[in-house]
Amino acid sequence: MIHLASPLLLAAVLAGCGVYGVLARRNAVLVLIGIELILNAANLLLVTFDVAYADRLHGGQVLTLFVITVAAAEVGVALAAVLLLFRRRGDVDLQRARDLAERVDVP
């Protein structure tokens, strides 16, 4: 049996890299990769605690499959938005994508 500290440390590193990718990057694709790293860290924690506490129903593993399914759908929608952004602007810089929002006229 693997010690519990190793997967927890790996999940912490994955989540840290993901948070850095989301907060520090301006490229939309790199932000998506950061989000996926955070979701994978959560999946690793779910499977680790499922095995560590010997859940008879394997709820952690089932929830991990659900998270993977939702993440796949999220990536599909997000990549479509990134592709649309690239077609309109020629780059995927999120700082310059503010002009895609609806304009609100303030009286």
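A residue is called buried when its relative accessible area is under 20%, exposed when over 50%, and partly exposed in between (1.4 Å probe, protein chains only). Welcome to a predicted model, in which local features need pLDDT of at least 70, side-chain atom pairs count only at pLDDT 80 or more, and totals for chains, interfaces and linings use all residues. Residues are numbered from 1 along each chain as its sequence is written, and side-chain values use heavy atoms, leaving out hydrogens and water.

**Helix α3**
- The buried residues of α3 are G60, T64, V67, A71, A78, V82 and L85.
- These buried residues pack against α2, with contact meaning heavy atoms within 4.5 Å.
- After α3 comes G90, which has a positive phi near 90°.

**How α2 and α3 meet**
- Helix α2 covers residues 28–52 and helix α3 residues 59–89, and they pack at about 175° with axes 9 Å apart.
- The two helices are therefore roughly antiparallel, a label for angles over 145 degrees.
- Sorted by class, their contact has 16 nonpolar, 5 polar and 3 charged residues; here Ala, Val, Leu, Ile, Met, Phe, Trp, Tyr, Cys and Pro count as nonpolar, Asp, Glu, Lys and Arg as charged, and the others, Gly among them, as polar.

**A look at T48**
- T48 sits in helix α2 and counts as buried, because its relative accessibility is 10%.
- Its side chain reaches the backbone oxygen of L44 at 2.6 Å.
- Beyond its neighbours within four places in sequence, T48 is in contact with L4 and P7.

Terms used:
Axes fitted to C-alpha atoms, helices over the stretch in contact; angles between N-to-C directions. Helix = DSSP H or I, 4+ residues; strand = E, 2+ residues; numbered from the N terminus. Parallel < 35°, antiparallel > 145°, perpendicular 65-115°, else oblique. Polar contact = N/O pair within 3.5 Å; in protein donor to acceptor, adjacent residues only side chain to side chain.
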